[in-house]
Amino acid sequence: MTTFAYGFNAGIISVVLSAVERQWNLTKDSYSHTFIVSSMLAGAVLGSLLPGWIGSDRMGRKPMILITNSILLFGALGAFFSQNAFQLILSRTVTGLGIGVGSIMPGLYITEMSPASIRGFLGILNQFSGFVGILASYCVGLGLGFTESNWQRIFLLAGFMASMAFVFSFLILPESPRWLISHRFNKEAMAVLDKIYGRKNGNHSREEFEKIFAHLSRPQNSTKLKLPRKTLSTIIALQLIQQAAGSGFVTYYSASIFQSRIQ
């Protein structure tokens, strides 16, 4: 739900952009038009650093997920109440902070929580939820129409998505057993592992506990991690290809593209 909420918040700018232009008399080549779109990306760059700055290792995975949804909620509400381009840019920057954190924490949480047999599937499901969120924002925009009178409603709906993700995360999610063991909350970690594997599989829970404990007990190598050149080159190439494919451009300008083709 967190990934769905950040996907929804990422996709709605494409839906509302044309209506914002008409209401505030913005031209497509104006700085305001550009910053309304790019401010979210700038916020996402900073947001991706927040888990390290705030310290997810100190606070825990669950609190960081709650913070993610709180930031998305405040960003959506700020956009809903925006009266000019500057306020919308500021609100989208806040939303970007949440998207940056949301791109990291759910995947990290899933990795630490899920059994190895379904970890890959849940990771894919997490990514898939983000794209479903983007698609949902398009569908909502299509239902509301691209008019000056109702474009802010979709931001209110985005805030509702984030608030629901916050509520369910707070009520349902336990803390990561890996984080609990690293902070010596061993009983709490065993209780979480019993929930994951079932109390009938107590041996499996204990084996997983011992595996995590042994890994965390190893002396950490203080030397910096050096990736092989081929691995590093592959990572960089994949990122360049992803950007060159123009997926971000389509995400943020799809409605404008379709409208221009219709016209």
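Tutor: Before we start, one definition: contact here means heavy atoms within 4.5 Å. Also keep in mind that this is a predicted model.

Student: Got it. With that in mind, what is Asn 126 in contact with, leaving aside its neighbours within four places in sequence?

Tutor: Thr 3, Pro 106, Gly 107 and Ile 110 are its contacts once those neighbours are set aside.

Student: And where does Asn 126 lie? Is it buried or exposed?

Tutor: Asn 126 lies in helix 7. Its relative accessible area is 10%, and the cut-off for buried is under 20%, so Asn 126 counts as buried.

Student: How far is its C-alpha atom from that of Thr 2?

Tutor: The two C-alpha atoms are separated by 9.0 Å, although Asn 126 and Thr 2 are 124 residues apart along the chain.

Student: Which other residues of helix 7 are buried?

Tutor: Besides Asn 126, the buried residues of helix 7 are Gly 130, Gly 133, Ile 134, Ala 136, Ser 137 and Gly 141.

Student: What span should helix 7 have, at 1.5 Å a residue?

Tutor: Its 29 residues, 116–144, should span 42 Å, and the end C-alpha atoms are 42 Å apart, which agrees.

Student: Nice. Switching to helix 8, which of its residues are buried?

Tutor: Ile 154, Phe 155, Ala 158, Gly 159, Ala 162, Ala 165 and Ser 169 are the buried residues of helix 8. They cover an arc of only 155 degrees around the axis, which puts them on the same side of helix 8.

Student: What do those buried residues pack against?

Tutor: They pack against helix 1, helix 4 (61–80), helix 5 (85–102) and helix 7.

Student: And which exposed residues does the face turned away from the buried side carry?

Tutor: On that face of helix 8 you'll find Arg 153, Leu 171 and Ile 172.

Student: At what angle do helix 1 and helix 8 pack?

Tutor: The angle between helix 1 (residues 2–24) and helix 8 (residues 153–172) is about 175 degrees, and their axes are 9 Å apart. That makes helix 1 roughly antiparallel to helix 8.

Student: Which residues make the contact?

Tutor: From helix 1, they include Phe 4, Phe 8 and Ile 12; from helix 8, Leu 157 and Met 161 are among them. By class, this contact has 13 nonpolar, three polar and no charged residues.

Methods
Residues numbered from 1 in each chain as written. Predicted model: local features only at pLDDT ≥ 70, side-chain atom pairs only at ≥ 80, totals over all residues. Heavy atoms only, no water. Axes fitted to C-alpha atoms, helices over the stretch in contact; angles between N-to-C directions. Helix = DSSP H or I, 4+ residues; strand = E, 2+ residues; numbered from the N terminus. Parallel < 35°, antiparallel > 145°, perpendicular 65-115°, else oblique. Nonpolar A, V, L, I, M, F, W, Y, C, P; charged D, E, K, R; others polar. Expected span 1.5 Å × (residues − 1). Buried < 20%, exposed > 50% of the residue type's maximum accessible area, 1.4 Å probe, protein only. Arc of directions from axis to C-beta.
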